[in-house]
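Keep the 3D view open as you read.

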Amino acid sequence: EIDSQGNPVGDAGPIIEAFGFGPVDTVSWGLSLTRLLLGREQSIASVRSSNFDQPITASAIVIRDCSCQGAQRLPAVKLGKMGIFVQQSGRKVYLLRFDPQQFDYGDRDLTRLNLDIGLAGFVDIDHATQPDQIVWLPRGDGQLAALLFDDDDQVEAWWRLQTLGVIENVAVLPAAGIEDFSYFVVNRTVNGVTRRFIEKLAPRASCVGGVLNQQLDCALSYSGNP
């Protein structure tokens, strides 16, 4: 069905919904999980069509808050059917997981046992899947907070990566091998001059000794004529 101008209407048309109001209507991210989740200020919204999770259309859409935790203006990361996001304070990290009893998503604080890990505030987020699920979170003080996460084995371990510089951003790309490539934008002062480098975390196999052992803060490896 189309209107007089040739635009689709009804269930074939675009989904236009207004939710939120005043100063709390900013949507920072959307996650396609078992349901569509929208991270907004003051709450996380869960989008569905009906209790039977039929396809969402313009005439069959319901938006309800599933968490009262607001979302920081950073991306959220998807781990299978779960999501991880930085809470509105910028200092806490929450897990979104489907709760069969409530038949909707609920939240859990992943920083509850290490409140100081986010004291400096998180400024970016990404995650690596292989060889372990690690969520990378650069902090405002230049250090990198890392969350080793495995829901099946009930592993939630925080640690920090430090370097002689300021880690500003992170991006993870898939690799042909078993280990994802983790890249960081690092702000370093070299001979009194501020410079930024895009640096790749060395694979674990390159940090166990042998002919090539990549355990330096910032270096290039070269093979060829001197």
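The largest nonpolar core has 18 residues, and Ile84 and Leu137 are the ones that touch the most other members. A nonpolar core here is a set of buried Ala, Val, Leu, Ile, Met, Phe, Trp, Tyr and Cys residues joined through side-chain atoms within 4.5 Å. Buried means under 20% relative accessible area, exposed means over 50%, and partly exposed is in between (1.4 Å probe, protein chains only). At least two residues of this core come from each of strand E5 (77-79), E6, E7, strand E10 (134-138) and strand E11 (144-150). As for the labels, helices (H or I, at least four residues) and strands (E, at least two) are DSSP runs numbered from the N terminus.

A word on ground rules: this is a predicted model, where local features need pLDDT of at least 70 and side-chain atom pairs count only at pLDDT 80 or more, while totals for chains, interfaces and linings use all residues. Residues are numbered from 1 along each chain as its sequence is written, and side-chain values use heavy atoms, with hydrogens and water left out.

Back to Ile84. Setting aside residues up to four places away in sequence, Ile84 touches Ala76, Val77, Leu79, Val93, Tyr94, Leu95, Leu110, Ile125, Val135 and Leu147, where contact means heavy atoms within 4.5 Å.

Leu33 is worth a stop. You'll find Leu33 in the loop between strand E1 (27-32) and strand E2 (36-40). Leu33 and Leu96 are 63 residues apart in sequence, yet their C-alpha atoms are 9.6 Å apart in space.

Now for the charges. Side chains of opposite charge can pair when their charged atoms come close. The whole structure has 10 salt bridges, each a side-chain nitrogen of Lys or Arg within 4 Å of a carboxyl oxygen of Asp or Glu. One of them joins the side chains of Asp109 and Lys92, at 2.9 Å from N to O. Asp109 sits in strand E8 (residues 104-109) and Lys92 in the loop between strand E6 (82-86) and strand E7 (93-99), so the pair ties together parts 17 residues apart in sequence. Asp109 is buried, at 11% relative accessible area, whereas Lys92 is partly exposed at 26%.

Glu156 and Arg112 form another salt bridge, at 3.4 Å from N to O. This pair links distant parts of the chain, with Glu156 in strand E12 (residues 155-161) and Arg112 in the loop between E8 and strand E9 (126-128), 44 residues apart. Glu156 is partly exposed at 29% relative accessible area, and so is Arg112, at 38%.

Last stop: Glu199 makes a salt bridge with Arg188, with the closest N and O atoms 2.7 Å apart. Glu199 lies in strand E15 and Arg188 in strand E14 (residues 181-190), so the pair ties together parts 11 residues apart in sequence. Both Glu199 and Arg188 are buried.
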